[in-house]
Amino acid sequence: MLPIKRESYFYDVYPRVVLAEAESTVVIRPIDSHAAFCTDVPYTIRVIPLTADIYTKTKPDIFETVVFSKNGRLTFCCVFSGEQEHAIRVFAGTDGKMVFQTSVYSVCEDLYARTPLLGDFHVHTCYSDGVESPEFVAAMYRQAGFDFIPITDHGRMDASRRAISFYREIPLDFKIYTGEEVHSPHNHVHIVHFGGDFSVNEECLTEISKNPWEDPGKEIWNRETEALSRTFSDLPEGVDPFVHASCLRVIERIHKANGMAILCHPFWIADVHNVTDAMTRLYLENHYADAFELIGGQTNHENMLQIAFYQQLLSEGCRIPVVGNSDSHGTADRIYFNGMKTIVFAKDNNRDDIIEAVRHEYSVAMDEYPGQEPRIYGSFRMVRYALFLYEHYFPLHAELCFEEGRLMRALIASDPEAEKRLAACYGQSKRFAGHFFGWETI
């Protein structure tokens with residue numbers, strides 16, 4: 001997570017996201033006494049859209065107004081043009097000394113109605129080849145600033161059910177969803193199942209264990225998959241009929257469970273690439289899966305290949321919903337945790353709205369390697385907005401999440417005060433979002 005910007009320690013600017021082409025009222029409130037505004041000094045506020053071509057001879061109109069402090073605050077009204085970031089600069093007195101600068105972002109109505117949620121769709125625990133318990137992993141994700149995760153252990157859904165059950169009676173803004181990494185028998189292609197009402201692994205594997213890789217599979221599943229594979233007559237070279245049939249059946253069962261199917265880490269190297277290029281192309285071009293794990297190969301080598309493949313298909317006219325996942329196997333001392341993530345612009349933090357947002361490409365994939373700037377991938381519109389939010393919104397949001405996550409860990413350790421203190425935290429991140437986006441005034 002990026003550090004909180006310096007101006008956000010000293011000034012509360014709200015709302016920071018406004019409707020484009022509509023008049024909005026913006027308030028600037030000093031937080032610390034050293035930043036207080038003088039009551040008898042005029043302050044000039046200048047608003048500059050970041051797409052304004054201010055260096056040409058035909059300079060665009062720049063909004064400028066003069067205001068005085070009232071109740072310790074500066075308030076101004078402005079029509080913010082287009083869907084973009086706007087620099088706000090505040091100057092004091094007649095000599096025009098700049099006091100500070102910050103930014104506001106204007107969006108169209110469809111985005112304004114959506115909440116940015118930080119999530120990771122691919123997470124493991126000690127129920128498969130991870131390290132910690134499902135409830136501990138959930139706490140660590142909240143502490144790191146996430147809004148939601150599923151637990152997606154190999155070959156099983158019960159780990160996610162355990163985490164959900166553990167926190168069921170605790171009021172949390174953080175959401176845990178069902179999930180699993182599906183290991184259909186005799187099929188090396190992994191598909192992440194998010195949010196479903198029942199487990200696909202339980203339907204196709206003979207037993208649910210920590211190691212589903214060599215599971216022979218239920219006889220009826222294998223027989224029906226083999227029958228389906230014989231109906232294919234014109235598959236591309238590199239696409240195995242049985243594997244294709246198995247994946248299609250997995251996705252069909254995920255959809256029947258009301259879940260979302262994610263094609264994950266095709267360039268993960270397990271002796272060879274986990275999925276052939278022909279198979280990846282077939283599934284993305286035909287939209288068999290609901291989303292592509294664009295970021296999630298864990299190493300930069302794998303992720304670069306996935307990004308290049310994605311860009312190639314985009315250039316050919318293929319539309320591809322994307323997510324970014326860590327494939328985390330531990331949170332306390334593992335490098336993958338919190339390094340790759342998704343921002344989803346959903347109507348609310350619930351399963352159906354998250355799935356709707358991803359399917360309609362209201363999501364971006366991110367990587368954030370240690371010591372490097374974060375990189376965000378998706379449509380230009382979503383990336384530009386997500387970048388603003390990751391710089392201005394999510395660092396402040398993460399401060400609120402940290403305490404809730406720490407108390408979730410205290411609850412695991414049987415701290416008698418943890419439940420009461422978690423109840424006191426409930427709703428604070430939603431209230432902050434309402435303040436940041438101006439929803440509280442609507």
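Accessible areas are taken here from the Shrake-Rupley method with a 1.4 Å probe, and for residues only the protein chains shown count as cover. By that method the protein exposes about 19200 Å², of which carbon and sulfur atoms supply 52%. The model is a predicted one, in which local features need pLDDT of at least 70 and side-chain atom pairs count only at pLDDT 80 or more, while totals for chains, interfaces and linings use all residues. Residues are numbered from 1 along each chain as its sequence is written, and side-chain values use heavy atoms, with hydrogens and water left out.

The overall form comes next. The protein has 14 helices and 21 strands, where helices (H or I, at least four residues) and strands (E, at least two) are DSSP runs numbered from the N terminus. Its radius of gyration, taken over C-alpha atoms, is 24 Å, close to the 22 Å that the globule rule gives for 442 residues, so the protein is as compact as a globular protein of that length; the rule itself is 2.2 Å times the number of residues to the power 0.38. Along the principal axes, the C-alpha atoms fill a box of roughly 85 × 60 × 40 Å. Of the 442 residues, 57% are buried, a term that means under 20% relative accessible area, with exposed meaning over 50% and partly exposed in between (1.4 Å probe, protein chains only). Where contacts (heavy atoms within 4.5 Å) join residues at least 6 apart in sequence, 69% of them join residues at least 24 apart.

A loop residue gives a local example. Ser69 lies in the loop between strand 5 (63-67) and strand 6 (74-79), and it is buried because its relative accessible area is 12%. Leaving aside neighbours within four places in sequence, Ser69 is in contact with Phe37, Cys38, Thr39 and Leu74.

Helix 12, residues 394-412, has 19 residues and reaches 26 Å from its first C-alpha to its last, close to the 27 Å expected at 1.5 Å a residue, the expected span being 1.5 Å times one less than the number of residues. This helix bends by about 25 degrees at Leu400, and its buried residues include Phe394, Leu396, Cys401, Glu404 and Leu411. Helix 12 is followed by Ser414, whose phi is positive, near 65 degrees.

The cysteines remain. With a disulfide defined as a pair of cysteine sulfur atoms within 2.5 Å, the count comes to 0. Cys401 is buried at 0% relative accessibility, and its sulfur is 10 Å from the closest cysteine sulfur, in Cys425, too far for a bond.

Methods. The bend at a residue is the angle between axes fitted to the seven residues ending there and the seven starting there.
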